[in-house]
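Please consider the structure shown below.

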Amino acid sequence: MSQWQFPRAGTRISLGTDVPVTDERRSDSRTLSIFRVAKLMTETESLCVVRNISSGGLMTEAYEPLTVEQTVRLQFASEITLTGTVVWQRERMAGIRFDAPVDIFELLRPTAQCRPLRFRDRAPRITVSGQVELRAGSHYHRAQLCDISQGGAKLILPQALRIHEEIVLRAGTLDPLRGNVRWQDGAAIGVAFQSPVPLELLSQWTGVVRRAAAPDKPALPPPDHRS
């Protein structure tokens, strides 16, 4: 079975229909563009890293618990959504079989709607609703988080802020997220982070915000930090 390896993105294509299981290395490889981060949709939304993909399925590193036979949906940066079923799971890795075979080259084909853009413009966003603390200068506010990605966030804040103003977001005792106001429309503001947020930290952020909004919901186990 022929494979291309993607050392920079950490994702590989398999030209076959089997669900990827291992991350074995091949000697001959070609570097191509591929979507590394995808939105994983179950009862909630989260982000995952696609480590290996074929026309029949993919192997993903997930930051939310998955179980065998669970139905999931995956949305790529191109806004293509695929549905599948978890067929194996080991620690943070999982194999997902697509409901129907996909055309890998069509999935990766650059189009007017799927052309290379800056990281922040392409980062998948996940919906999460809850309160966060926002600091702008010496002023502190309570803001409602609407959605978040590795590159930015949308919040509801009645107070007016200046475009490009630097802000700091906090949730519990987690590392703060620093960014700048990109736009404001009424009470809604868009924030661009000053650097991409690591997926593990983003997962922790969404977990803290969701548990604070629904305190009776059982806490999820912390992510496995082993590489």
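This is a predicted model: local features need pLDDT of at least 70, side-chain atom pairs count only at pLDDT 80 or more; totals for chains, interfaces and linings use all residues.

Residues are numbered from 1 along each chain as its sequence is written, and side-chain values use heavy atoms, with hydrogens and water left out.

Rolling a probe the size of a water molecule over the atoms shows where empty space is left. A cavity is a set of points, on a 1 Å grid over the protein atoms alone, where a 1.4 Å probe fits but cannot get out; lining residues have an atom within 4 Å of a point. A volume is the space filled by probe spheres set on the points, which are joined across faces, edges and corners. The whole structure holds one cavity of 30 Å³ or more, and the volume of the largest cavity is about 50 Å³. Among its lining residues are Glu45, Tyr63, Ile126 and Thr206. Helix H3 (199-213) and strand S4 (45-54) each supply at least two lining residues, and H3 gives the most, with four. Helices (H or I, at least four residues) and strands (E, at least two) are DSSP runs, numbered from the N terminus.

Glu69 lies in the loop between strands S5 (57-62) and S6 (71-75), and Glu91 in the loop between strands S7 (81-90) and S8 (93-98). Most residues other than glycine have a negative phi. Glu69, however, has a positive phi of about 75°, and Glu91 one of about 50°.

Asp18 belongs to the loop between strands S2 (12-14) and S3 (37-41). Asp18 and Gly57 are 39 residues apart in sequence and 6.8 Å apart in space, C-alpha to C-alpha.

Methods: On a 1 Å grid over the protein atoms alone, a cavity is a set of points where a 1.4 Å probe fits but cannot get out, and a pocket is an open set with protein on both sides within 12 Å along at least five of seven lines; lining residues have an atom within 4 Å of a point.
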